[in-house]
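Colleague: I would like to go through the labels on this model. For each one, tell me what it rests on.

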Amino acid sequence: MNKFLTSPIFNYISLYIAGAIATLSLPPFSILPLIIGFGFGLYRINFQSSLIKIFLSAWFLGFGWFSFGLYWIGSAFFMADTYHVFLMPIAIILLPSLLAVFWGCACVCAKLINKKTKFSILYIIVFLSLFEYLRAQLFSGFPWLMPSMTFASNVYLIQIFSFVGSFSTNIIVLTISALPFVFFSNFKRKNTLSLVLLIPIIILFFCGILKYYKKSSLKNTDQLVTIVQPNIKQKNKWILKNREQHLNNLLELSTKYRNSFNNKNRIIIWPETSFEGSIPKEMKLLSFISKDVIKSPKTYLIAGLLRTEETKLFNSMVFLNFKGEILYKYDKIHLVPFGEYIPFRKNLRMFSDYFSQKDFQSGKFESNQNIDGLGSIITLICYEILFADLIVNRMSKNTNLLINITNDAWFGKTIGPYQHLALAKIKAVEFGLPLARVANTGISAYVSPYGEIIGKIPLYK
């Protein structure tokens, strides 16, 4: 038994379990003390004797984190007939395996930089955070499931994002997880080191508390955001005979209590690809819908729709006025690989034939839409909310609102929609802007600049 406990196999199994346990610190579980799984993993990796063992140890820690944290991706294969179910194991094993490579490379780099000393845990934390940044940028980028996500569930901890951003918060989370192991280690200067690491974290924590308690509670009673979550099953969404029923549902939800709000500057938001159809083909229908929904020149309808332009296909969002005119359109810029397009389609013909034969095209940003009484609005579709550069490059002094439309019906009753909401909350705090998040189903919510949920519609409601 002792031989097994000291074997590489036991080491890798324990690291995989540690990574898996750490995912329970994320929403919807939000058991924050379980970030100690990271600390255990980093401490074990620190004492590996060779670069190969360091890489494998870090890879198993990462694989545990990503495989348990991203299992919900597999549910997309059951939600519609678009994908073949037999491809699901490839998706839920291959993606975590590739993402874990970043962690393996990070820890190897940390050891190469610090060859002379046995205690490299601080280097590991810094390089792991650096490689998390690279993971968010390279190969289209996938900044989902960063360690910093654990702070999204606590109203005080989430304020830290407004001071240091998402990527630097990774360092804080990993440092907190490792501190107990540093303190109880045999490192000679462990007390000094623990104190040096702890002081800036405590300062940030108290700054977050202070920021939250000093928050502005002013409300503008002349502005109203209406969130419409129709809860349409993914399998039924694109069946033409169901379209009238789906539209009636959207219209009923949008016009409820309408006469009470005619004097307000109001926007009504429908989710991503809100109904079967595309523009300009369905322009007459869309114009009729907007005239039916909107009875005041102060009200606007924002709807997610497909858009075609000759042979090109776009995932779009449009702003409509009471005359049924399109005031503004936004085409999704950051597309989902294998979801909205197949990378290297020509070279992966055997594989790509199992997916949609039509790729979406990436849009080009023109300008933000300004709405009277509401100011400049930044529009984002689906997981574009994860990418800070799409917000930074469009912010101005007049920016007052983030709108994020999505369709989380793909992911069923899993942890995926809760994680998506957590990531959206982080961006609201990071940029100090309120966020209207509207899902077909998922968790639609209005989020304050402090990460508070002002109002929400639960999953499958």
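**Labels and their grounds**

Modeller: Start with Ile17, which sits in helix α2, residues 8-22. Keep in mind that this is a predicted model.

Colleague: Why is Ile17 called partly exposed?

Modeller: Its relative accessible area is 43%. Buried means under 20% and exposed means over 50%. Ile17 at 43% is therefore partly exposed.

Colleague: What makes the nonpolar surface patch of about 340 Å²?

Modeller: Ile9, Ile13, Ile17 and Ile21 make it. Residues three or four places apart on an α-helix point the same way, because there are 3.6 residues a turn.

Colleague: How do you know that the span of helix α9 agrees with its number of residues?

Modeller: Helix α9, residues 190-213, has 24 residues. At 1.5 Å a residue they should span 34 Å. The end C-alpha atoms are 34 Å apart, so the two agree.

Colleague: Which elements do the buried residues of α9 pack against?

Modeller: They pack against α7 (121-137) and α8 (161-183). Among these buried residues are Leu193, Leu197, Ile201 and Tyr212.

Colleague: Why does Ile391 count as buried?

Modeller: Its relative accessibility is 0%. The cut-off for buried is under 20%, so Ile391 at 0% qualifies. Ile391 lies in helix α14, residues 388-392. Beyond its neighbours within four places in sequence, its contacts include Leu402, Lys427 and Phe431.

Colleague: Lys427 has a charged partner. What makes the pair Glu430 and Lys427 a salt bridge?

Modeller: Their side chains meet at 3.1 Å, N to O. The limit is 4 Å. The pair therefore passes, since 3.1 Å is within 4 Å. Both residues lie in helix α15, three residues apart, about one turn of the helix. Glu430 and Lys427 are both buried.

Colleague: How do you know that Arg243 and Glu276 tie together separate parts of the chain?

Modeller: Glu276 lies in the loop between β2 (265-269) and β3 (278-279), and Arg243 lies in helix α11, residues 243-255. They are 33 residues apart in sequence, so the pair ties those parts together. The closest N and O atoms of this salt bridge are 3.5 Å apart.

Colleague: Which salt bridge does Arg243 form with Glu282, and at what N to O distance?

Modeller: The side chains meet at 2.7 Å. Glu282 is in the loop between β3 and α12 (283-293), 39 residues from Arg243.

Colleague: Why are Glu282 and Arg243 called buried?

Modeller: Glu282 has 15% relative accessibility, and Arg243 has a relative accessible area of 17%. Both values are under 20%, so both residues count as buried.

Definitions and conventions
Residues numbered from 1 in each chain as written. Predicted model: local features only at pLDDT ≥ 70, side-chain atom pairs only at ≥ 80, totals over all residues. Heavy atoms only, no water. Patch = residues over 30% accessible without salt bridge, like charges linked within 9 Å, V, L, I, M, F, W, Y side chains within 5 Å. Areas by Shrake-Rupley, 256 points an atom, 1.4 Å probe, with all protein chains shown as cover. Helix = DSSP H or I, 4+ residues; strand = E, 2+ residues; numbered from the N terminus. Buried < 20%, exposed > 50% of the residue type's maximum accessible area, 1.4 Å probe, protein only. Expected span 1.5 Å × (residues − 1). Contact = heavy atoms within 4.5 Å.
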